Amino acid sequence: MVKPKTEEEIELLRENAILVSKTLAEVGKAVAPGVTTNELNRVAETFIRDHGAIPSFLGFEGFPAAICASVNDVVVHGFPSDYVLKEGDIVSADIGTLWKGYNGDSAYTFPVGEVDAETRKLLDVTKASLYKGIEAAVVGNRIGDIGYAVQSYVESFGFTVVRELEGHGLGKEMHEEPGVPNFGRKGKGTKLVDGMVLCIEPMINAGSRGVYLARNGWAVRTSDHRNSAHYELTVVVRNGKAEQLSTFDFIEKDGMIKF
Ligand code: MG
Ligand code: MG
């Protein structure tokens with residue numbers, strides 16, 4: 001049985017979620033052809049520290065940076081580097097914060113300039129599948145209902161779900177129970193209860209679902225080297241409708257850069 005969060009804990013998780021959401025928007029503003037992923041990392045780390053929080057990924061199990069910057073065929077856990085983004089690339093920024101003893105964790109895949117139509121479709125379908133998963137994160141459902149919602153949507157477009165990685169609970173720890181796979185069967189798995197805080201994060205491939213671990217022991221790449229997209233939001237399981245703690249509104253709403 002996974003212990004649900006108290007409303008006080010949820011408020012602290014919300015503060016983290018908003019900070020991560022705003023950090024993603026700052027990173028998004030910096031994404032452009034000619035920019036290195038090290039620069040995106042610098043933007044994120046500066047913004048998080050300027051708000052008094054800690055970039056929680058830095059040093060986590062030896063991870064060397066504040067963000068994961070995963071370009072094109074890198075699914076997740078890419079190291080920021082001196083790689084220069086070019087027109088047509090996609091780059092996923094996955095960002096974590098630690099603030100008042102609780103964690104924030106969200107991710108967004110940004111197109112670099114104009115991307116081809118199939119890549120645009122991959123981004124749109126992956127993000128929409130995240131919202132399908134969120135719709136299923138309600139009291140009375142089970143973890144498998146979330147995975148089923150993501151998987152059935154994504155596969156209807158001919159894209160594939162990475163099986164080796166999954167979402168998770170969030171709280172004082174960056175990764176808590178339950179695991180939240182992006183595939184599954186209706187009515188199976190841990191029961192969802194009010195106050196459970198989950199990170200739902202579909203990792204979706206344009207081609208086959210196979211992945212492998214790069215030699216640095218961190219970056220996960222697609223076996224066929226086609227593109228992969230990743231979006232992540234933090235939600236609270238509620239009766240009737242899940243409550244989103246993090247948001248892409250700072251990235252996508254009027255006045256911000258639109259992706
Ligand atoms: Mg994440
Ligand atoms: Mg996560």
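Donors to a metal are taken here as N, O and S atoms within 2.8 Å of it (3.2 Å for Na, K and Ca), and since water is not among the atoms, sites may look incomplete. With that in mind, the two magnesium ions, ligand 1 and ligand 2, are 3.1 Å apart, and D105 coordinates both. This is a predicted model, in which local features need pLDDT of at least 70 and side-chain atom pairs count only at pLDDT 80 or more, while totals for chains, interfaces and linings use all residues. Residues are numbered from 1 along each chain as its sequence is written, chains are lettered from A and ligands numbered from 1 in the order in which they are written, and side-chain values use heavy atoms, with hydrogens and water left out.

D94 belongs to strand β4 (residues 90–99) and D105 to strand β5, eleven residues apart; helices (H or I, at least four residues) and strands (E, at least two) are DSSP runs, numbered from the N terminus. Both D94 and D105 are buried, a label that means under 20% relative accessible area, with exposed being over 50% and partly exposed in between (1.4 Å probe, protein chains only).

Over at the magnesium ion (ligand 2), the coordinating residues are D105 (OD), H168 (NE2), E201 (OE) and E232 (OE), at 2.1 to 2.3 Å. The spacing of the donors here reads D-x62-H-x32-E-x30-E. H168 sits in strand β7 (residues 167–169), whereas E232 is found in the loop between β13 and β14, 64 residues away. H168 and E232 are both buried.

Next come the aromatic rings. Rings of Phe, Tyr and Trp (its six-membered ring) pair if their centres lie within 6.5 Å; planes under 30 degrees apart count as stacked, over 60 as edge-to-face and the rest as tilted. By this rule the count comes to seven aromatic pairs. One of them is Y108 with F248, edge-to-face at 4.8 Å centre to centre and with 80 degrees between the planes. Because Y108 lies in strand β5 (residues 102–111) and F248 in the loop between β15 (243–244) and α5 (249–252), this pair ties together parts that are 140 residues apart in sequence. F248 also makes an edge-to-face pair with Y231, at 6.0 Å centre to centre and 65 degrees between the planes. Y231 is in the loop between β13 (228–230) and β14 (233–236), 17 residues from F248. Y108 and F248 are buried, and Y231 is buried too. Ring pairs link Y108, F110, Y231 and F248 into a cluster.

Two strands pair if DSSP finds at least two bridges between them, and three strands form an open, antiparallel sheet in the order β6-β10-β13. At its edges are β6 (160–161) and β13, each pairing on one side only. Two bridges join β6 to the antiparallel strand β10 (residues 203–205), with T160 standing opposite N205 in β10. Helix α3 (residues 117–135) packs on the sheet and touches β10 and β13, contact meaning heavy atoms within 4.5 Å. The direction of α3 makes about 35 degrees with that of β13; axes are lines fitted to C-alpha atoms, for helices over the stretch in contact, and angles run from 0 to 180 degrees between N-to-C directions.
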